[in-house]
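Hi,

Here is the structure I said I would pass on. Have a look at it first, and my notes follow below.

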Amino acid sequence: METNKNYPKSFSHIGITVPDIKAAVKFYSDVMGWYIIMEPSTVKKEADTAIGIMCIDVFGDEWESFEIAHMSTSDGIGIELFSFPHGVKKAPEFNPFNTGLFHFCIQDPDIETLVNKIVAAGGKQRMPIRAYYPNDKPYKMCYVEDPFGIVFEVYTHSYELTYSSGAYAK
């Protein structure tokens with residue numbers, strides 16, 4: 001019997017570029033309750049430091065500095081926030097039909113309260129809160145935006161529970 005040695009990899013973190021790092025840290029800590037692991041700090045283009053070299057590898061040579069902060073969700077998923085001084089400061093165009101990152105999703109059983117907190121903090125509710133299995137299971141979802149125009153989704157239950165019952169059946 002041959003054993004499949006491919007195993008599911010865990011999710012480590014997501015990097016999000018924001019126009020104002022301090023405002024983003026405040027929003028995500030106040031509204032989402034995410035832990036601040038590293039306060040906002042400045043990274044400079046330096047060819048003689050490990051972080052400088054890594055950032056030159058990633059961003060190339062056309063930058064001098066940027067701000068970065070690290071946060072964590074309750075289950076240990078990292079949120080890496082970036083703010084570049086010469087980057088575009090307007091909300092990205094929402095276009096889920098093109099290749100690329102479409103959204104991320106967070107989970108809170110009290111979806112109504114969280115969506116209201118997002119809106120009260122300057123974000124937007126993009127749709128009504130919807131049930132995957134009306135009158136059958138309590139699984140709900142809603143697309144929202146943070147105050148910077150970054151679209152994400154809120155679920156009441158885990159990804160596995162939501163889709164294991166076949167959300168698209170019937």
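**What turned up**

Setting aside neighbours within four places in sequence, leucine 81 is in contact with Ile16, Val18, Ile21, Ala24, Val25, Tyr28, Glu67, Ile68, Ala69 and Met71, where contact means heavy atoms within 4.5 Å. Before you read on: this is a predicted model, in which local features need pLDDT of at least 70 and side-chain atom pairs count only at pLDDT 80 or more, while totals for chains, interfaces and linings use all residues. Residues are numbered from 1 along each chain as its sequence is written, and side-chain values use heavy atoms, with hydrogens and water left out.

**The core**

Leu81 is also one of the residues with the most contacts inside the largest nonpolar core, a set of 27 residues; the others named there are Ile16, Tyr28, Met32, Phe104 and Ile118. By nonpolar core I mean buried Ala, Val, Leu, Ile, Met, Phe, Trp, Tyr and Cys residues joined through side-chain atoms within 4.5 Å. Buried is under 20% relative accessible area, exposed is over 50%, and partly exposed is in between (1.4 Å probe, protein chains only). At least two core residues come from each of strand S1 (13-17), H1, S3, strand S4 (78-83), strand S5 (104-107), helix H3 (111-120), S8 and strand S9 (151-155). H1 gives the most, with five residues. Helices (H or I, at least four residues) and strands (E, at least two) are DSSP runs, numbered from the N terminus. As background, nonpolar side chains in soluble globular proteins tend to be buried together.

**Salt bridges**

How many salt bridges are there? The count comes to six, taking a salt bridge as a side-chain nitrogen of Lys or Arg within 4 Å of a carboxyl oxygen of Asp or Glu.

Glutamate 145 sits in strand S8 (residues 140-145) and forms a salt bridge with arginine 126, with the closest N and O atoms 2.4 Å apart. That pair links distant parts of the chain, 19 residues apart: arginine 126 is in the loop between strand S6 (124-125) and strand S7 (130-131). Glutamate 145 is buried, at 10% relative accessible area, whereas arginine 126 is partly exposed at 37%. Apart from neighbours within four places in sequence, Glu145 also has Ile118, Ile150, Val151 and Phe152 among its contacts.

Lysine 45 and aspartate 61 make another bridge, at 4.0 Å between the closest N and O atoms. Here too distant parts of the chain are linked, with lysine 45 in the loop between strand S2 (35-44) and helix H2 (50-59), and aspartate 61 in the loop between H2 and strand S3 (65-72), 16 residues apart. Lys45, Asp61 and Glu64 are linked in a network of salt bridges.

A local one: aspartate 30 bridges to lysine 26 at 2.5 Å, N to O. Both are in helix H1 (residues 21-30), four residues apart, about one turn of the helix. Aspartate 30 is partly exposed at 44%, and lysine 26 is exposed at 52%.

**Cysteines**

Cysteine 105 is partly exposed at 36% relative accessible area, while cysteine 142 counts as buried at 0%.

Cheers
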